[in-house]
Amino acid sequence: MNKQLSKKQRINYFLINLLSFASIFLILGLIVFQLVQTSIYQTVDHDLERLADDQKFLQHQLIKNEPSKDSSFELGKFDTPPPNNFQQQVILWSKSGEILNEEELGSRFYDFQNLNLSTADLRKISSVQTKDSNGRSLQFRSITLPVENQNQVAYIQLLVNTDPIKGTVEQFKQILIICMIIFGLLSIALSYFLSKWFMKPILISWKKQQEFVENASHELRTPLTIIQAKLEKLFTKPNHTILEESETIALSLDEVQRLSQLTSDLLLLARSDSNALTLEKEPVKINHFLNTILLPYQELALAEEKAFVIDLGEEQQLFFDKKRIHQLLIILLDNALKYTESGEKITVYSSVKNNEWSIKISDTGIGIAEEKKAAVFERFYRGEESRNRKTGGYGIGLSIAKWIVDEHQGKIELTDTMPKGTTVILRFPVK
């Protein structure tokens, strides 16, 4: 992936993350502000509704305005607590829109001189704005009720001053805006970090893909070059018989066979990367299955003067992909034979204990250095170039083995065989 494309992709991730965080914070801020504002005004509206439903309180306000009534007349306790005279006010209106309880209002009367009677929304709570004698704006929540059977009073209006509430809401709004700005800056930093973090696996994947293509091209080029050279050599000797050029033909066929195997392995790796391969598990008797694979290798080892010991436990039936486990064991047995000299020993051990199938393949060959044990499972890895060329390896066998083990939810481990050599330990869960 070139730098320009990588930068463009990272900018896209940054913008997407930034817009996502900004949208979330904005929506969350609006919801919180709306909930706080609504909850505060709901308390005020609840007080107004409570007073509007208290008939004793309303009757008391009307009686106080009637001078002809006996002042000793008692209505008893109100159904609800009386209003707070500082924040809550009661205005009695005539039909013509004049305030009738001026004395009762006292100095607050001057705050309502510019207030006009509105009968459009009777019995409904609404917001009212007016100006006091000093020209300051006053905010109220109000409910107006019609009054019947009264000589002068036609309407009674209950008001609650909301200036302190408005100040609290404005202060909360400012705090919320500051918090939104802070979170906005944090979202920019977080978006930048996430865009970088999201690009990391993409760049790693791209790098692996690039290395895979380069290594595959290199490995394919070698056998193709050999085959081309051998075929060109045949053209230089057109009169030779097949018998005379049998060695050249045989070498070419060997390279074709290696090329075919390499192509199959590369296809397997490519399909495994795209999750196009699935396991086909079936019940298998493990000892019979292992003997089918191991006995030919035992004969081959004896022909090369190498000891080959097979130690299998009791026969059991397990579920696994027969084809893939067969491929896995072939890879490991091939390596054991390749790197074990004549007169040395190879041991294969199998057992099922504690819900785990364990397979150990040990050899007394050249072994693997401790610092290289983790790297041998990487694709196209070669510890020693000359050794792999001699044995015909391409450095992808153990990566395929690792994939097969992982697909079976198993584990593969490399340890040293004492006094020398390597032991491959396979562990598969038994379900």
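Biologist: Which helix is the place of Ile-177 in?
Modeller: This is a predicted model, where local features need pLDDT of at least 70, side-chain atom pairs count only at pLDDT 80 or more, and totals for chains, interfaces and linings use all residues. Residues are numbered from 1 along each chain as its sequence is written, and side-chain values use heavy atoms, leaving out hydrogens and water. Helices are DSSP runs of H or I with at least four residues, strands are runs of E with at least two, and both are numbered from the N terminus. Ile-177 falls within residues 163–236, and that stretch is helix α4.

Biologist: What relative accessible area does Ile-177 have?
Modeller: Buried means under 20%, exposed over 50%, and partly exposed is in between (1.4 Å probe, protein chains only). Ile-177 counts as partly exposed because its relative accessible area is 44%.

Biologist: Which residues make the nonpolar surface patch of about 380 Å²?
Modeller: Patch members need over 30% relative accessible area and no salt bridge; like charges are joined within 9 Å, and nonpolar side chains (Val, Leu, Ile, Met, Phe, Trp, Tyr) within 5 Å. Areas are Shrake-Rupley values with a 1.4 Å probe, and for residues only the protein chains shown count as cover. The patch comes from Ile-177, Ile-181, Leu-185 and Ile-188.

Biologist: How many aromatic pairs does a search of the whole structure find?
Modeller: Rings of Phe, Tyr and Trp (its six-membered ring) pair if their centres lie within 6.5 Å; planes under 30 degrees apart are stacked, over 60 edge-to-face, and the rest tilted. Searching the whole structure that way, the count is seven.

Biologist: Why is the pair of Phe-21 and Phe-25 stacked?
Modeller: The ring centres are 6.3 Å apart, and the pair is stacked because the planes are at 20 degrees. Both residues lie in helix α1 (residues 3–53), four residues apart, or about one turn.

Biologist: Is Thr-340 buried or exposed?
Modeller: Thr-340 lies in the loop between α7 (322–338) and β8 (345–353). With a relative accessibility of 2%, Thr-340 is buried.

Biologist: Which residue's backbone oxygen does the side chain of Thr-340 reach?
Modeller: A polar contact is a pair of N or O atoms within 3.5 Å; within protein, one must be able to donate a hydrogen and the other to accept it, and residues adjacent in sequence count only if both atoms are side-chain atoms. At 2.5 Å, the Thr-340 side chain reaches the backbone oxygen of Ala-336.

Note on methods:
Salt bridge = Lys/Arg side-chain N within 4 Å of Asp/Glu carboxyl O.
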